[in-house]
Each structure stands twice: as C-alpha cells, then as structure tokens.
2 protein chains.
Amino acid sequence: MTESVLDYMTRLGRAARAASRVIGRASTAQKNRALLATANALDAARAELVAANEQDLAAGRANGLEPAMLERLALTPARIDSMMLGLRQVANLPDPVGAIRDMSYRPSGIQVGKMRVPLGVVGIIYESRPNVTIDAASLCLKSGNATILRGGSEAIHSNRAIAACIARGLAEAGLPETVVQVVQTTDRAAVGALITQPEYVDIIVPRGGKGLIERVSRDAKVPVLKHLDGICHVYVAAGADLAMAQRIAFNAKTYRYGICGAMETLLVDQAVAADFLPGMAAQFRDKGVELRGCARTQALIDIKPASEDDWSTEYLAPILSIRIVDGLDQAIEHINHYGSHHSDAIVTEWQGEARRFIAEVDSSSVMHNAPTSFADGFEYGLGAEIGISTDKLHARGPVGLEGLTCEKYVVIGDGVALRGQEPG
Amino acid sequence: MTESVLDYMTRLGRAARAASRVIGRASTAQKNRALLATANALDAARAELVAANEQDLAAGRANGLEPAMLERLALTPARIDSMMLGLRQVANLPDPVGAIRDMSYRPSGIQVGKMRVPLGVVGIIYESRPNVTIDAASLCLKSGNATILRGGSEAIHSNRAIAACIARGLAEAGLPETVVQVVQTTDRAAVGALITQPEYVDIIVPRGGKGLIERVSRDAKVPVLKHLDGICHVYVAAGADLAMAQRIAFNAKTYRYGICGAMETLLVDQAVAADFLPGMAAQFRDKGVELRGCARTQALIDIKPASEDDWSTEYLAPILSIRIVDGLDQAIEHINHYGSHHSDAIVTEWQGEARRFIAEVDSSSVMHNAPTSFADGFEYGLGAEIGISTDKLHARGPVGLEGLTCEKYVVIGDGVALRGQEPG
C-alpha cells in the first residue's frame, strides 16, 4: 500500500471509533444475528478456510516454525467446529449492555443510577492461534464494542479468511463491516500504532507469551488488560483435612502444567507437615513432578533444595517448590510477597483461618478448599473469557463480557435545579 | 535529611504497603474510631492548627502569593469545623470493604462470587487547600487504604499540623501511624518518585488545576484517577418543555461558573430555536453571561459569532457558546466529538429522545431534565468524593468510597477437583 502504516492504522482507528457508535446502540437481537450468521459463514467457507490456513502452514514450514507453533496455527475441521460452537455460546450469553442498577431518589429530587455501556474500541494483539480471531471478536461484538484485531504474521491468510466470514455475518445483521477489523498489514509498526492511539482505542488485550505482553505493556499509551505471571499457591493450613489437601494440591499442580492457574508453590503449615508431606511427595514423584523444598522440608523428606528464586518462578512445568510455614500469618505474607496476585488457595476446615485468608490474600482469585486450576472464565460462569487480569483497577481475575463494559451515571430529573446561585 | 528524596519516598512507599495490610483488615468499628478520634484531635489542636497555618500564610504573603491563593490556604475556625464534620460524615458512611456479591454454585460444585477489597495504597497530590488532607485521608481510611499525601509546599506547616492530628486519631484506634503519611519534604522530586512506584502505590489522585493533572498523567507509571476538562452540554430537544429547558439551562450555566459540571455549550434543536432562544438569551444577558453563537443562532438573535475553538473550550466563566442543531443525531454527534465525556443533559418530554440520548452519549454522567451542575459526589449520594473520572476504566464519574476499592473473586469448594488431568 502507498499510505504509511501509521496513516493506515489511524484510518482503522477512526473507522473503529465510528463503528463503535453503531454497535454500541445495536439491539441484542441484531448482535446475536451477526454472531449466528458468522457461525454459518464459517461453516459455508470450510474449504476456503482450510486452503488459506494451508498457505500459512506451508509458509510456516518453509520458515522453519517449530512443530508446537505449527500445531497451534493449524485450522482443523474440529477447530472450525469449536469456533462455531463458541459463536453460538456467546450468542446465548446475557447481553450486559444497557442494564441500569441502583436507580434511587436523592433528597434534591433527582434519580441517580448506573448504566452499563460498552468500552468503545478494543484492540486485540495475539500470536499464532487463528481461532482467537473469532473468540475475541465475538466477545467484543456481544458487549457492544468495535474491535481491531492484530494477529501474528504467520497466520495472516487464515485470519483474513476468518475476517471475511465475520464481515458476512455483520452484513447479514445489517451492521457495518468496520465493527470488526483485521489489520491487513504484517508490518510490526502496526502494533506500535495500535497501542499508542488512546483517541481511537479504549483498551488493549494482548494474548500470547509473556514477551509479547511485556512489550505491549511497556510501550502502550492505552490501558492494557493483562496478567504477566501465574505464581499460584496452595496453603495446607493447620485445620486442613489432609486427604482433601492432598487431592486439591495434586489437582492444582497436575491438572495442566501449562495453565496460569497451576500451583507453583505448596505451603504447608508446620503443624501438619510431618503427617502431610511424605504421602504428598510420593504422589507427586509417582507422577514425575520434580520437588524443591525449604530447609525444614528437606529435614522431613528427601528433596532438592529450593533457592530464593524458586519462590518467584512460574515453572509452567512438572516442577513444584514446597515451603513449611509457621502459620497463617506467614503463609499470607509469603503469598502477598512472592506471588503474582493471580490465584491462591487455602485448605482448611477451620472457618477462622479461611475467613482471614480470603480477606487478606491480595489476589484476583482467592480460593477455599478448591484447587487454583479452577481459575478460568468458563469455570466461573462467564461463558468465555477475553483474558485474566491481575491489575487492581477495572476488571480483576477472569474477564468476560462485563469486563468489556463500564458504567456511567444516569441522572433523571423533572426540571429540578440546584439552589444557591453564583453570587453577583 | 541525609537520605535522598528517592530513598525517602521508597521508605514511605514500603511503609504504606505494609500499613495497607493492616488497615485493609481493620474492622469498620476500628476505622470509625480513628475517624472520630481525628475529629476530636483537630478540635483539641485548634490553636496549633491556626499557628501553623499562620506560618504558611506569612510565608505566602512574603512570597507574593495571590489573594485567591491565600484565601484557599487559610485554615479558619469554620474550615476546621467543616473538616471535623467531614470526618464524622465519613464515619457514618457504610463500609464497602468485605461485601460479597453474586455468590452462586457452578456445575462443578464450586461457589463463585466477588468480594470488595481496598485498592491498597492511594497517593494524593494536591495544591494549596490544607483541608484536602483530611478529606482525602478520611475517604481512603474508611475504604481500607493506606495513603501518601503530597500537598503544596505553601501549605506544609498546616499539613504537618493536620497530619499530627490524624496520627493521634490512628493511635487512639490502635492503628499504625503509617496508614496516613504526609510527605515531609517540599522537594519537587518527591512527586516524581511517588507517581513512578507501582510496586508501592496502586493509584494516584491529583487534585488541583489542569496543569498539575496534565503533568502527573504524563509522567505517571501508576494509574491516575482524573478528569481534565468539563466541557458539558445541555441539549434542548424538539420535545422539550421550553419553560423547563430555560430553567435547566440557566441553572447549568449560572449555579457556579467555576465547577466542572457547569454548562459550556447550549445545543438547541432547530424545531424550537425560534421560540426558545430569544427569551433564554435575554435571561443570560441580564445575568451578565457573554453569548457566542453559530451562524443559525446569529440569524435568530443578536449574538457574537462562535469560532470552532469555542466548541471545545471549558470557559469556567460567564461565557456560553450556543449552537442550533438539526436534531438528536447531530446533538449526540456534537457532544461525543467536542465534549470531554464529563456530564451532558437533554431536556425533553419525549421518551424516545431521552432513551437514545441516555444510551448513546458517551459521558460519565448523562442527564435527563436535570442541569449538569448536579454532577457531584455529594448530590449523587456518595457522601463525599475523592474526584471525578472521565476515563472509562475502573470508576467513571464522581468517585467515592466504592471507587477506592476493587473486587476479587472468591471461590469456595469442598475438595472438588477438576477432572481430566495432564496426559502422561
């Protein structure tokens, strides 16, 4: 193209801002029609989708992409089915837009309440998986937002083919195609432009590896919805049912090693350590999990030493660090200090321990007698998630449709005016 | 002091982070005791407060401070009364911390809900008014946050004397003095350090002129709660009761010229302009308000022309720009384009016009048959406000106790684990 990347991205941004006004006032029925029509368009375009994806795969193989990367890139019939199912599920979710809450009369006579409204324009930056194009676009559309999608250059043909299906879906519902725009250039400068245009983009959601998220966060002038690490803990407290504790800790570590909610450090109260650790360690070893322990743990079981770094490492692998703590206070202190404010659990039957842990652990999800592996939008009933946030402002934890909206005040009067005017 | 400003601010930040754990779990009764004891301490320290303030006033007069600035700086007996009243009012507000909502069972057996928790550490940067020290500290304390207060150097003696009263109040309630810390140095580098320590400070609230807010926002690495402009509109729609419209528009402009909710542009539907504008203009002129109008307005009444700049100017003065619009669409477009997303009102009896205006105007407060001058935390029933935000993330509009908190997920199980473990 002859226009510069910056000009191109500005044009996309302007179009997205204008489209956000249209999708922001679209009815639930119209948005659902667009979602269902997109599912049908994907179904009708299976051959084109596979052909486009084959182009990406061939280029990927030629460029020496790793097998795991090629696997993520592949658009199999099952993945097309899964995108279609996702669209239909999002169509079935309740529409958050327009809900008004807490409308009440004030002494002056005005009524004041809050109305839920879309954020406006959401920018999504992601890596190889082309199905993110549908997942992200559908959540943004249902929540009344316009979207600018910037996928990885290795998936450009697949993403264009998917974008064509979304455009068909939008058109069938009478919505402008600019509601969902896929960045058509693979120039890296496009990302730089997208994350520095607060006048056109209201929030950026980076989806991918930690390197991508760090780069985006560092350079962005637009708010970024993100989590960097998932250093999650299970604390087996003095009041724990030890059989339950073993079941929870085992599940928190081994359900899937690679998820952000996987436990990375197990904290064990000194009161129960001698009873609990030998059996627990044996189960982890049978599963092939490498264990690293504090000095007190080393005194109880045969285990490699944990270094200071271990307490702040997200392994995402079959490795687990174990620390024996003096009690609840030290457990909470350890988690708030070394953790990443993601998801942390206590196992106890004692209400007093649970109450304090829940109130004082400063994490986006705090759990009682449940494994941290549950930290997921689907498990929480959000239907789907656009991401997980460990920041404290706006949305915290798994973010679904509600996190893609905000609330404005609605004030209704009957001509009432404030008394006491400007002197003079 | 021999330590550097950066070291000093880091020490304050660390102490604030530690204190935030204590105030975050303090009971409502304990926090209220601290607020009421601070009010009593102010009452007992009237002589010291006035003496300290006299030092600031003398220095201000010597440095040639403007009379308006000196007026804002003065700590009169009435202002001490008003600080005490404020403390007692905040003690009477409901405590938002710890509330759990929407706890419900999921198919897996876990219960999921959201718990309201403090943000952590709030940094307040403000100019000459020493009463902000009490206003801000009391809201942060009640919402369970630690506070670092950086007032203007011209008020340093007054702020130190007030801080001593807060320290007495905290001590009486058994809370550490580090819950509320007043920056003791007047070195400007302290502000730079405060706004770039996300590890110790969770949110910055700048209170003061636009210059201060712009500087803080530009340089901050911590999220900033702010609004820059209040370019507020009243739209007199085709369906307006014209007598009501005149009352509302007059109040929106003249209640107080200097508040951020003051109307700066009046939009009038072409259908009612000829009937409405002559009487309205006469009332404004009698009050001494300078009027500037679009070409169509100039054709109807004798008025100076408005320039393009007028539509995006916050006068904060007895000046008003007037534009005749074709209808609702143009009014909404004008407000979303030229406004500052602060507070905007429609006057109409027609439900359809009001419904669209409320849904589509992208402002933190949208009003129907009420003047924009109502945009205020006290009028909205928040009890008090720490500021007004025109950003879309986190809190929007007047921000009270709730805006100083966030929500984390609480997950409760009974040992349930996720099925389907890591293969292998």
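Student: In which order do the four strands of the open sheet in chain A stand, and is the pairing parallel or antiparallel?

Tutor: Strands of a sheet pair through backbone hydrogen bonds, either parallel or antiparallel. In chain A the order is S5-S4-S3-S6, and the pairing of this open sheet is parallel. Strands here are DSSP runs of E with at least two residues, helices are runs of H or I with at least four, and both are numbered from the N terminus; two strands pair if DSSP finds at least two bridges between them. Please keep in mind that this is a predicted model, in which local features need pLDDT of at least 70 and side-chain atom pairs count only at pLDDT 80 or more, while totals for chains, interfaces and linings use all residues. Residues are numbered from 1 along each chain as its sequence is written, and chains are lettered from A and ligands numbered from 1 in the order in which they are written.

Student: Which strands of chain A does helix H6 lie across?

Tutor: Helix H6 (residues 131-142) of chain A lies across strand S3 (121-126), S4, S5 and S6 of chain A, and runs at about 165° to S4(A).

Student: At what angle do the axes of helix H5 and H6(A) cross?

Tutor: The axes of helix H5 (residues 77-92) of chain A and H6(A) cross at roughly 5° and come within 10 Å. The two helices are therefore roughly parallel to each other, since angles under 35 degrees count as roughly parallel, over 145 as roughly antiparallel, 65 to 115 as roughly perpendicular and the rest as oblique. The residues that make this contact include A:Met83 and A:Leu87 of H5(A) and A:Ile134 and A:Leu139 of H6(A); two residues are in contact if their C-beta atoms, placed from the backbone, lie within 7 Å.

Student: How many residues does the contact take from chain B and from chain A?

Tutor: The contact takes 58 residues from chain B and 57 from chain A. Strand S16 (405-412) of chain B is one of the elements that give two or more residues to the side touching chain A, and its seven residues are the largest share of that side. The copies meet through the same surface, because 98% of the interface residues of chain B are also interface residues in chain A.

Student: Is B:Ile388 buried or exposed?

Tutor: B:Ile388, which lies in strand S14 (residues 387-389) of chain B, is buried, with 24 other C-beta atoms within 10 Å. A residue is buried if 20 or more other C-beta atoms lie within 10 Å of its own, exposed if 12 or fewer, and partly exposed in between, with C-beta atoms placed from the backbone. Leaving aside neighbours within four places in sequence, B:Ile388 is in contact with residues including B:His227 and B:Cys260.

Notes: Axes are lines fitted to C-alpha atoms, for helices over the stretch in contact, and angles run from 0 to 180 degrees between N-to-C directions.
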